[in-house]
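This briefing is for a reader who has not seen this structure before. Please look over the sequence and the model, then read the points below.

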Amino acid sequence: MLRPQDGPTRESTRLDGVWRFRADPDGTGRDAAWSRGVPDAGRMPVPSSYGDVLPGSGLRQHVGDVWYEREVWVPSGWRGRRVLLRFDAAAHEATVWVNGVEVARHVGGYLPFEADVTDAAPAGEPARVVVRVGNELTLATIPPGVVETTASGRRQRYFHDFLHYSGLHRSVWLSAVPPVRFDTLDVATELAPTGEPPPVERATGEGGPVARAARRDATVRVRAGVAGDASGAVVTAVLLDADEREVARDAGDAGAAIELAVPDAHPWAPGDGYRYLLRLELRDAAGDLLDAYATRVGIRTVRVDGARLLVNDVPVRLRGFGRHEDHPVRGKGHDDVLAVHDHELLGWFGANSFRTSHYPYAEEVLDLADEDGLLVISESPAVGQNAVFSGGRLGAETFGEGPDLIGADAQAAHARVLRELLARDALHPSVIAWSIANEPASSTDAAERYFAPLVDLVRELDPSRPVTFANETSNRPGRCRVTPMVDLLLVNRYLGWYVDTGDLVSAEEHLRAELAAWAELGKPIVVSEFGADAVAGVHHLDPEPWSEEYQRDLVAMSTRVFDTVPAVIGEHVWNLADFATAPGLIRVDGNRKGVLTRQRQPKAAAWALRERWRAAAERE
Ligand code: GCB
């Protein structure tokens, strides 16, 4: 599956806008054939989460199906081509019908899927698209959950700390593609070895100095998969630099690897989102164009060397955040305005990195990261696989076979989601590591059995990036059974908040001891979460949790410790901004660990971080 685009052989249109919509908590629509048309439908914007859009609707707590419907004219000019219908995301599982014909089913809320609807939606005619989106989580889904029946009806319980927003969160596309076409694309980049770490050139960009990686000879390996009968067809790959000058070209049979030598290449590097344009053409034996596809390519390498993380053989330090796709009203609905604003804010902080906690973000977000030269840890949606967070709903072992354990079905779903994640994100140079899970129970045999094949799978699919996962506090070095399997350590720690609450002196001592123990493992460490809740506007002269000053001081204490541990090569504050969660006694209209409010206004800690990180950026 390739991302939709326009070009000489392809056309695409977004089906975003206001769709017809109806909630269906009892599942009536399945038997009443709403697949042909949804009766008495209201309205709902796409993309958005449906939870907060309609006041008084109770949709924030909705469990079960909702239905979306709209009509679209398939252009008559699309005759003779294949027509694809693509959903960038449907949270959390969906069935799609076109003119009453089922065309797709997909499970998992954060990754794209598509259907060939050529037969169901003839060109030159209107087509009715109906989508049923369900949001029930079970112990076999990623992430897990259980549905309980309470006095107020069915409730979705889940073990992660962000609101279970649902719906069509991202764009829906209708595209025309040629019958014989590119349908997969793998690109691997390599830089010629150097004896010494290559020098970093400096340039002065807008907003301060920019670190530029030194130019080096490079190789770009391209393998484009083809759908349809491509016998005798030839693929040509052309690489253009940012000024559209051709720098390399080669050709090969459809499906074969093509190697492009790029002398004196300009690498993609932190703070320097330099990308080439790769143009692919597929021509038949007579030389006629069958398909064309273009994508941007960042040439860079990522490698772990002892306790260092190297990008282009240069050690990097990550400064940034765990984030969420979360905004007032639209929930997890992607919006370019808000995404660009959040990325400008990362620049304002002097951040160079983030983790897509705790699920794959909209691909547009990775486009921004590619462009800005940000270092992204791309995370799978496996969050909450831990009895500690389950209020007794998961058995103590968490993993294994049994009614209250996460077992083989979930593991198969997890593997599927990792395949889909890597297939979608591998082309993004900003992605420098794969995080396969957030805070699972990781200290048991069962956890080892669950995760070992998943780590192997990711390594096999992509040997070019480190594999990691975010470690939860009770899974200490020495006890944790997944840590030895991974290349890079992510540790989430809340010293001074959940532990040593209100006592930053003890917290500092404990954090130092804990990081020293992790450092002994000899792998690079990113403290992938640390922080404190602060309700904007709450101030205190004393170290009082929930005040802006306490949050600021906790962050300062933590970074002071990080600076003394060479193996700590990254700091991700939890969180960039406040975000919505399920109701809870320690949540005040959501999680307040943002250094920005949910409306993206700074708390005291934001100013302090900005000072620290901008100074670090200046030194680079
Ligand atoms: C964590 C989780 C994150 C929570 C955070 C918190 O360890 O990874 O999802 O939001 O703690 O604030 O408790």
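**Ligand site, cavities and domains**

An oxygen atom of the ligand is 2.7 Å from a side-chain N or O atom of glutamate 529. The model is predicted. The points below start with the ligand, then turn to the cavities and the domains.

- For lysine 593, a polar side-chain atom lies 2.5 Å from an oxygen atom of the ligand.
- Tryptophan 574 has a polar side-chain atom 3.0 Å from an oxygen atom of the ligand.
- On its own the ligand has 320 Å² of accessible area, and the protein covers 91% of this.

Surroundings of the ligand
- There are 13 residues around the ligand, and those that come nearest are Asp161, His358, Glu439, Tyr498 and Lys593.
- By residue type, the shell around the ligand holds 5 charged, 4 polar and 4 nonpolar residues.
- The ligand takes up the space of the second largest pocket.

Cavities
- The model has 4 cavities of 30 Å³ or more.
- The volume of the largest cavity is about 140 Å³.
- The largest cavity is lined by 16 residues, of which Glu325, His327, His334, Ala339 and Val365 are the closest to its centre.
- Empty space of this kind is found by rolling a probe the size of a water molecule over the atoms.

Domains
- The domain assignment of the protein gives residues 11–177 as domain 1 and residues 181–300 as domain 2.
- Between the C-alpha centres of domain 1 and domain 2 there are 36 Å.

Conventions. Residues numbered from 1 in each chain as written. Predicted model: local features only at pLDDT ≥ 70, side-chain atom pairs only at ≥ 80, totals over all residues. Heavy atoms only, no water. Domains from an automatic or database assignment. Near = heavy atom within 4 Å. Polar contact = N/O pair within 3.5 Å; in protein donor to acceptor, adjacent residues only side chain to side chain. Areas by Shrake-Rupley, 256 points an atom, 1.4 Å probe, with all protein chains shown as cover. 1 Å grid on protein atoms, 1.4 Å probe; cavity = no way out; pocket = protein on both sides within 12 Å on 5 of 7 lines; lining within 4 Å. Sits in = over half its atoms within 2 Å of the grid points. Nonpolar A, V, L, I, M, F, W, Y, C, P; charged D, E, K, R; others polar. Points joined across faces, edges and corners; volume = space filled by probe spheres on them.
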